[in-house]
Amino acid sequence: MAIRASTEARLLDAADALLFRRGVAATPVDRVLELAGASPATLYRAYGSKEGLVAAALARRHERWLAVWDEAVAEAADDRGRLLAVFEALDRFRARPDGARWCAVLGTAAEYAEAPLEIDAAVRRDTDALRARLQARAAPLVGPAAAEGLAEALLLVVSGALAMRLRDEAGGPGRAVAEVLVDAAVRDTSGSSA
């Protein structure tokens, strides 16, 4: 059953502010409800469970992240810049008021040995989107055959850059490592087509 848009926004804002900064397990649902000014009945009617709320908050954050990434891609001057724009987007997203030093998706995934279905689906959606977008951006540089491997390598670098933020570092050398990988892949594919 639907709830008012303003109530939904308050619940998702409260979930985002508490769950992704303090941790899902460490944050009682009562605290989220208190901050949102909502009743348990409203939460369970709208999301079914705390996990449903977490998944909805992750989905909203995912859409916001993709919008920031799209902006960074649109500003890039060439195919290489569009592929590496993910690092600019990470910095921009972190600097937003709703940003965080740590990736909410990775942090939430790390809390579960076996995530509930709703949360597992949210994590997979984020990972699949990251992988697909990196692969699509890599294809013009290295061709479709090499794009999958380059995307997987960059996915690892992006995940590592996000993990470095836990150490209060701005992603460490993530972009520099990615540049080396991209340039090597371009050289390899250019050399193999000669």
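This report describes the helices, the core, the aromatic residues and the charged pairs of a predicted model.

## Basis of the description

The model is predicted, and for that reason local features need pLDDT of at least 70 and side-chain atom pairs count only at pLDDT 80 or more, while totals for chains, interfaces and linings use all residues. Residues are numbered from 1 along each chain as its sequence is written, and side-chain values use heavy atoms, with hydrogens and water left out.

## Overall fold

The chain has nine helices and zero strands, where helices (H or I, at least four residues) and strands (E, at least two) are DSSP runs numbered from the N terminus. Along its principal axes, the C-alpha trace spans about 65 × 35 × 35 Å. Of the 194 residues, 43% count as buried; buried means under 20% relative accessible area, exposed means over 50%, and partly exposed lies in between, as found with a 1.4 Å probe and protein chains only.

Contact is taken to mean heavy atoms within 4.5 Å. Among contacts between residues at least 6 apart in sequence, 68% join residues at least 24 apart.

## The nonpolar core

In soluble globular proteins, nonpolar side chains tend to be buried together. A nonpolar core is here a set of buried Ala, Val, Leu, Ile, Met, Phe, Trp, Tyr and Cys residues joined through side-chain atoms within 4.5 Å. The largest such core in this model has 57 residues, of which Leu11, Trp69, Phe87 and Leu134 touch the most other members. Its largest share, 11 residues, comes from helix 4 (residues 50–75).

When residues up to four places away in sequence are not counted, the residues that Leu11 touches include Val32, Leu33 and Ala36, as well as Leu43, Tyr47 and Leu53.

Within helix 2 (residues 29–36), the residues Val29, Val32, Leu33 and Ala36 are buried. Seen down the helix axis, these buried residues fall within an arc of 95 degrees, so they line one face of helix 2; the arc is that of the directions from the helix axis to the C-beta atoms. The buried residues of helix 2 pack against helix 1 (5–22), helix 3 (40–47) and helix 4.

The face turned away from this buried side carries the exposed residues Asp30 and Glu34. After helix 2 comes Gly37, which has a positive phi, near 65 degrees.

## Aromatic residues

The structure holds two aromatic pairs. Rings of Phe, Tyr and Trp (its six-membered ring) pair if their centres lie within 6.5 Å, and planes under 30 degrees apart count as stacked, over 60 as edge-to-face and the rest as tilted. The rings of Trp65 and Phe93 have centres 6.0 Å apart and planes at 80 degrees, so this pair is edge-to-face. Because Trp65 lies in helix 4 and Phe93 in helix 5 (residues 79–95), the pair ties together parts that are 28 residues apart in sequence.

Trp65 is buried, with a relative accessible area of 10%, and Phe93 is buried as well, with a relative accessible area of 9%. Together with Trp69, Trp65 and Phe93 form one aromatic cluster.

## Charged residues

Side chains of opposite charge can pair when their charged atoms come close. A search of the whole structure finds 12 salt bridges, each being a side-chain nitrogen of Lys or Arg within 4 Å of a carboxyl oxygen of Asp or Glu. One of them joins Arg31 and Glu34 (3.6 Å, N to O); Arg31 is partly exposed, with a relative accessible area of 28%, whereas Glu34 counts as exposed at 59% relative accessibility. Another salt bridge is formed by the side chains of Arg131 and Glu152 (2.3 Å, N to O). Since Arg131 lies in helix 7 and Glu152 in helix 8, this pair ties together parts that are 21 residues apart in sequence.

Leaving aside neighbours within four places in sequence, Asp126 is in contact with His62, Trp65 and Val105.
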